[in-house]
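Please open the model in your viewer and keep the sequence panel beside it. The tour moves from one selection to the next and says what is found at each stop.

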Amino acid sequence: MLRLFKVLIFLAVIGFLGLTGYAYVGPFFGVDFSAPQDKTRVPVTLDAN
């Protein structure tokens, strides 16, 4: 049971390091992580008397 726990912790750490590395190295390989930016105009009717 302890061995299984150690393997799961090891895989979690390796996965975290892999995702962190991908986030830092990804833009060098053409991966764009930025959110799409679009201007949106919505008309608003205010009922102020």
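This is a predicted model: local features need pLDDT of at least 70, side-chain atom pairs count only at pLDDT 80 or more; totals for chains, interfaces and linings use all residues.

A residue is called buried when its relative accessible area is under 20%, exposed when that area is over 50%, and partly exposed in between, with a 1.4 Å probe and protein chains only. Residues are numbered from 1 along each chain as its sequence is written, and side-chain values use heavy atoms, with hydrogens and water left out.

Zoom out before going further. The secondary structure of the protein comes to 1 helix and 0 strands, where helices (H or I, at least four residues) and strands (E, at least two) are DSSP runs numbered from the N terminus. The C-alpha trace spans about 70 × 35 × 10 Å along its principal axes, and of the 49 residues 2% count as buried. The accessible surface comes to about 5,400 Å², with 68% of it belonging to carbon and sulfur atoms; such areas come from the Shrake-Rupley method with a 1.4 Å probe, and for residues only the protein chains shown count as cover.

Next, select Leu2, which has its place in helix α1 and counts as exposed at 56% relative accessibility.

Return now to Phe29, which is found in the segment after α1. Its C-alpha atom and that of Phe5, 24 residues apart along the chain, are separated by 35 Å.

Which two residues form an aromatic pair that is edge-to-face? Select Tyr22 and Phe33, whose rings lie 5.6 Å centre to centre with 80 degrees between the planes. Rings of Phe, Tyr and Trp (its six-membered ring) pair if their centres lie within 6.5 Å, and planes under 30 degrees apart count as stacked, over 60 as edge-to-face and the rest as tilted. Tyr22 lies in helix α1 and Phe33 in the segment after α1, so the pair ties together parts that are 11 residues apart in sequence. Tyr22 is partly exposed at 45% relative accessibility, and Phe33 is partly exposed with a relative accessible area of 45%.

Finally, select Leu46, in the segment after α1 (2-25), which is exposed with a relative accessible area of 71%. From Leu46 to Ile9, 37 residues apart in sequence, the C-alpha to C-alpha distance is 56 Å.
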